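User: I would like to learn how to read sheets, cores and cavities in a protein model. Please take me through one example.

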Amino acid sequence: MKDLFLADAHLRDPADLPYQRLLAFLEEQRGQVRTLYLLGDIFDFWIGFRRVVYTPHIPLLESLRRLREAGTEMVFIEGNHDFNMGPYFTETLGCRVFPDGATVQIDGRKVYLGHGDLVNPRDRGYLRLRRLLRSGLVRTLSRIVHPDWTWSVYRWLARRSRGSQSAIVRHLPLEDLRRHASAHFTDGCDFVITGHYHLLHQETTPAGTFL
């Protein structure tokens with residue numbers, strides 16, 4: 001049995017080709033995966049509600065449910081696009097959800113998992129927004145406001161921000177990533193794995209490996 005690590009799919013519409021490819025890939029993995037580690041921004045937008053889910057995400061949720069029934073454990077590290085995951089993940093899927101990252105044991109090795117949006121502690125504006133979105137106020141509003149309204153707001157914001165997406169992910173802040181990884185190596189981790197930047201990088205040092 002193998003473990004899979006997935007981040008930054010940014011799923012929006014089941015008709016999109018990347019969405020369909022991911023569904024096909026996960027179907028191929030059914031019964032072959034010990035643990036699926038979801039490292040945030042799997043959805044382009046998600047806030048968990050008590051009794052409903054966003055309709056466009058039902059195909060992926062069903063795919064995850066079938067994986068779970070086939071014996072796959074799941075771990076979700078919340079991203080900056082998907083947070084307050086709600087009962088579908090914690091109860092229906094039995095998923096372990098971590099808002100800010102987590103250290104896990106994999107085959108006797110300590111592995112730190114994070115989305116990657118906390119790598120740069122100097123981005124105070126983003127950190128304030130992050131705290132607001134994860135606040136008790138937003139959780140309370142998610143129990144009151146209809147999901148269709150929040151989805152409409154998301155779609156409006158997404159249309160306005162598409163032109164700036166390339167600027168967000170155009171480079172890897174390697175020095176920040178190295179400092180981030182080094183702190184976890186000092187804490188005894190052998191590996192540090194993050195997403196967020198949409199670019200592939202693997203680096204091995206005497207202290208450990210980060211991806």
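Predicted model: local features only at pLDDT ≥ 70, side-chain atom pairs only at ≥ 80, totals over all residues.

User: What is the order of the strands in the open sheet of 4 strands?

Analyst: Strands of a sheet pair through backbone hydrogen bonds, either parallel or antiparallel. Here a strand is a DSSP run of E with at least two residues, a helix is a run of H or I with at least four, and both are numbered from the N terminus. Two strands pair if DSSP finds at least two bridges between them. The order in this sheet is β1-β2-β4-β6, with parallel pairing. Its edge strands, β1 and β6, each pair on one side only. From one strand to the next, the twist averages 15°; such angles run from 0 to 180 degrees between N-to-C directions, with axes fitted to C-alpha atoms, for helices over the stretch in contact.

User: Which strands pair with β4, and over how many bridges?

Analyst: β2 and β4 pair in the parallel sense over 4 bridges, and Y37 stands opposite V75 in β4. β4 also pairs in the parallel sense with β6 (residues 96–98), over 3 bridges. In β6, V97 is the bridge partner of F76, and F98 is that of I77.

User: Is β4 mostly covered or mostly open?

Analyst: Buried means under 20% relative accessible area, exposed over 50%, and partly exposed in between, using a 1.4 Å probe and protein chains only. In β4, 4 of the 5 residues are buried, so by this definition the strand is mostly covered.

User: How many residues does the largest nonpolar core have, and which have the most contacts inside it?

Analyst: A nonpolar core is a set of buried Ala, Val, Leu, Ile, Met, Phe, Trp, Tyr and Cys residues joined through side-chain atoms within 4.5 Å. The largest one here has 28 residues, and F43, L60, L64, F76 and F89 have the most contacts inside it. Among the elements that give two or more residues to this core are α1 (17–29), α2 (58–69) and β4 (73–77). α2 gives the most, with 4 residues. Contact means heavy atoms within 4.5 Å; leaving aside residues up to four places away in sequence, L64 touches L26, L36, M74, F89 and L93. A second, separate core of 10 residues includes V75, I77, V111 and I193.

User: What is the strand order of the open sheet of 5 strands?

Analyst: The order is β7-β8-β9-β11-β10, with mixed pairing. β7 (102–106) and β10 (203–205) are its edge strands. β8 (residues 109–114) and β9 (residues 191–194) pair in the parallel sense over 4 bridges, and the bridge partner of G114 in β9 is T194. Helix α8 (residues 174–186) lies across β8, β9, β10 and β11 (208–210), at about 135° to β9.

User: Which residues are closest to the centre of the largest cavity?

Analyst: On a 1 Å grid over the protein atoms alone, a cavity is a set of points where a 1.4 Å probe fits but cannot get out; lining residues have an atom within 4 Å of a point. Grid points are joined across faces, edges and corners, and a volume is the space filled by probe spheres set on the points. The count comes to 1 cavity of 30 Å³ or more, and the largest cavity has a volume of about 70 Å³. It is lined by 14 residues, and D100, G114, H115, G116 and L118 are the closest to its centre.

Notes: Residues numbered from 1 in each chain as written. Heavy atoms only, no water. 1 Å grid on protein atoms, 1.4 Å probe; cavity = no way out; pocket = protein on both sides within 12 Å on 5 of 7 lines; lining within 4 Å.
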